[in-house]
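Subject: The structure we talked about, with notes

Hi there,

Here is the structure for you to open alongside this email. My notes on it follow below.

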Amino acid sequence: MLTLILAESSLETIPTRINKKGTAKIPNKKGKKRDQTILDIALHRQIIQKLPNPEKRGRPDITHLSLLAALGTPLNKQGQLRTYVHTIQDKIIKIDSKTRLPKNYNRFIGLMQQLYKLGKVPPEGPPLLTLEKMNLETLIRNLKPSETILFTEQGTPSKPKPIMNELAKQEKPVVIIGGFPHGEFSTNTLKLADKKISIYPEPLDTWIVVSRVLYCYEAIVLEKNKHK
Ligand SMILES: C[S@@+](CC[C@H](N)C(=O)[O-])C[C@H]1O[C@@H](n2cnc3c(N)ncnc32)[C@H](O)[C@@H]1O
């Protein structure tokens, strides 16, 4: 089974403290709880400009589109994919493969706000989404992968097919794809990868890389399972 991690994803609630000393507070807007509002560049540009790595923040639509691309694959529908979102603030969202995310962006944001507030969704019964404070290194350590491949424009050039062909022979491979719009992975993330691979000489959108990588893996694994 393949594990997909969207890493350093641009999904977070509005920070209440923003400067380096951590002293400047963003005041609450009347009647609105800041700590449940998802940061979005279309609405919060001024706040984002005051944060570290502003180029990597305020794009929850990347997580939304990439999750739709991953959860809708036959690979996921046949229970051969595990999906996690690691966020830029070191939260881990675990997504049950049976989750049907809202296609509508505003509804997705509503769901994320509920997840940040309650730590799980739905609030009653077995959760489909859970959120906990955890860094990527701890997640990878817990997953005990057979190999971890990180996709980045700066990696070794390769077609996705031979890479995923190799991973399809393994028991617990992990792929890491960045869930942020611009900038680079942190050194902490880069050092967790066994290999860094570039599938195209220019930057691609996260959901395009997700689709291509999963399709290559799916083509091999589902075909193999047919003959079992
Ligand atoms: C919009 S990019 C982030 C920009 C970043 N400069 C980068 O490394 O490509 C989102 C993610 O998609 C993946 N990605 C984008 N272009 C890629 C490429 N040419 N080859 C492999 N992965 C790529 C990476 O995981 C990247 O973090």
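Which elements each supply at least two residues of the shell around the ligand? They are β6, β7 and α8. Helices here are DSSP runs of H or I with at least four residues, strands are DSSP runs of E with at least two, and both are numbered from the N terminus.

Before the details, please keep in mind that this is a predicted model: local features need pLDDT of at least 70, side-chain atom pairs count only at pLDDT 80 or more, and totals for chains, interfaces and linings use all residues. Residues are numbered from 1 along each chain as its sequence is written.

**The ligand shell**

The ligand is surrounded by 18 residues, and the closest are F151, E153, G178, Y200 and L204. Sorted by class, the shell holds nine nonpolar, six polar and three charged residues. In that sorting, Ala, Val, Leu, Ile, Met, Phe, Trp, Tyr, Cys and Pro are nonpolar, Asp, Glu, Lys and Arg are charged, and the others, Gly among them, are polar.

**The sheet**

Eight strands make an open sheet with mixed pairing, in the order β4-β5-β3-β2-β1-β7-β6-β8. The edges are β4 (120–121) and β8 (195–198), each with a single partner strand, so one side of each has no neighbour in the sheet. Helix α8 (residues 206–226) packs on the sheet and touches β1 (2–9), β6 (147–157) and β7 (173–178), and its direction makes about 160° with that of β7. Contact means that C-beta atoms, placed from the backbone, lie within 7 Å. Axes are lines fitted to C-alpha atoms, for helices over the stretch in contact, and angles run from 0 to 180 degrees between N-to-C directions.

Strands count as paired if DSSP finds at least two bridges between them. β7 pairs in the parallel sense with β1 over five bridges, and also in the parallel sense with β6 over five bridges. I5 stands opposite I176 in β7, while E147 has P173 in β7 as its bridge partner.

Is β7 enclosed or open? Six of its six residues are buried, so β7 is largely enclosed by the rest of the structure. P173, V175 and I177 cover one side, and V174, I176 and G178 the other, with all of them buried. A residue is buried if 20 or more other C-beta atoms lie within 10 Å of its own, exposed if 12 or fewer, and partly exposed in between, with C-beta atoms placed from the backbone.β3 looks as follows: K91, I93 and I95 form a covered face, and I92 and K94 an uncovered one. In a regular strand the side chains alternate between the two faces of the sheet. Strand β2 (residues 81–87) pairs with β3 (residues 91–95) in the antiparallel sense over four bridges, and T83 stands opposite I95 in β3. On another pairing, β3 runs antiparallel to strand β5 (residues 129–133), joined by five bridges, with I92 opposite E132.

The axes of helix α2 (residues 60–71) and helix α4 (residues 105–118) come within 11 Å and cross at roughly 105°. That makes α2 roughly perpendicular to α4, a label for angles of 65 to 115 degrees, whereas those under 35 count as roughly parallel, those over 145 as roughly antiparallel and the rest as oblique. P60, D61 and H64 in α2 meet Y105, F108, I109 and M112 in α4. By class, this contact has five nonpolar, one polar and one charged residues.

**Some single residues**

G58 lies in the loop between α1 (45–49) and α2. G58 counts as buried because there are 26 C-beta neighbours inside 10 Å. Leaving out residues up to four places away in sequence, G58 touches S10, L39, D40, I41, H44 and I48.

Most residues other than glycine have a negative phi, and most peptide bonds are trans. D90, in the turn of the hairpin that β2 and β3 form with three residues between them, has a positive phi of about 60° although it is not a glycine. With 16 C-beta neighbours inside 10 Å, D90 counts as partly exposed. K144 also has a positive phi, near 50°, and sits in the loop between α5 (136–143) and β6. K144 counts as exposed, with 9 C-beta neighbours inside 10 Å. Finally, a cis peptide bond joins V121 and P122, with omega about -5°, and P122 is in the loop between β4 and β5.

How values were computed. Two residues are in contact if their C-beta atoms, placed from the backbone, lie within 7 Å. A residue is near a molecule or strand if its C-beta atom, placed from the backbone, lies within 6 Å of it.
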